[in-house]
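User: I would like to learn how to read helix packing and pockets in a model. Please take me through one case.

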Amino acid sequence: MTPTARLDDAWEALHRSAGLDSPQVWLSGSIAVLLFAYAVRFSAVSLGALEAGLQTIRPSMDDAARSFGLGLWARLRRVYWPLLRPSIMTALLLVFVDVLKELPATLALRPFGFNTLAIEAFQLASDERLAEAAWPALIIVLVGLIPVIMLSYGISRTDTPVAARRP
């Protein structure tokens, strides 16, 4: 929050020095800052899953693909993507579910009037309206469950080793 507040202050000082009216705060409390906070906060979650996938790729696989005359894009499509797809999907799923239920960063950095399901459930629960708070909480669980089912279905379909598939 401090860097965005300083940028907003510098923007306002620039406007004042030019003799212009003082602008409204344009960076603090914006969706861009919230997305940046999500990216910083959840990058470690996604990196763990991606590193696990990258460890499955051996240098000999790249050498073999080059010996067959595959260019960079063909290697990415035919060698790397099938090996990395489960890891990428897992990383996306983990980040999606964490962002869906994220409360502290969203409460601190959200634009005014911008409520997520987690904020709505929190506000209703803090007002002791538990029956009404159950609906946003249930939606969080259901929306988080759908990608898990899709991911497990996708991973179960790709159990065939890459070498056994025909181009």
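Analyst: What follows covers helix pairs, then a pocket. This is a predicted model: local features need pLDDT of at least 70, side-chain atom pairs count only at pLDDT 80 or more, and totals for chains, interfaces and linings use all residues. Residues are numbered from 1 along each chain as its sequence is written, and side-chain values use heavy atoms, without hydrogens and water.

User: How is the packing of two helices described?

Analyst: Two packed helices are described by the angle between their axes and the distance between the axes. Helices are DSSP runs (H or I, at least four residues), numbered from the N terminus. Axes are lines fitted to C-alpha atoms over the stretch in contact; angles run from 0 to 180 degrees between N-to-C directions. Here, the axes of α2 (residues 31-54) and α4 (residues 72-101) come within 8 Å and cross at roughly 155 degrees. That makes α2 roughly antiparallel (over 145 degrees) to α4. Their crossing is right-handed (the near helix is turned clockwise from the far one by less than a right angle).

User: Which residues of α2 and α4 meet?

Analyst: Contact means heavy atoms within 4.5 Å. From α2, Y38, F42 and V45 are among them; α4 brings residues including L84, I88 and L94. By class, this contact has 13 nonpolar, 4 polar and 1 charged residues. Nonpolar means Ala, Val, Leu, Ile, Met, Phe, Trp, Tyr, Cys and Pro; charged means Asp, Glu, Lys and Arg; the others, Gly among them, are polar.

User: At what angle do α3 and α4 pack?

Analyst: Helix α3 (residues 59-67) and α4 pack at about 155 degrees, with axes 10 Å apart. They are therefore roughly antiparallel. M61, D62, A65 and R66 of α3 touch R75, V79, Y80 and L83 of α4. That contact has 5 nonpolar, no polar and 3 charged residues.

User: What lines the second largest pocket?

Analyst: A pocket is an open set of points on a 1 Å grid over the protein atoms alone, where a 1.4 Å probe fits, with protein on both sides within 12 Å along at least five of seven lines; lining residues have an atom within 4 Å of a point. Here 12 residues line the second largest pocket, with S28, G29, L109, R110 and F112 nearest its centre. Helix α5 (residues 104-109) gives the largest share, 3 residues. The lining has 8 nonpolar, 3 polar and 1 charged residues.

Notes:
Helices (H or I, at least four residues) and strands (E, at least two) are DSSP runs, numbered from the N terminus. Angles under 35 degrees count as roughly parallel, over 145 as roughly antiparallel, 65 to 115 as roughly perpendicular and the rest as oblique.
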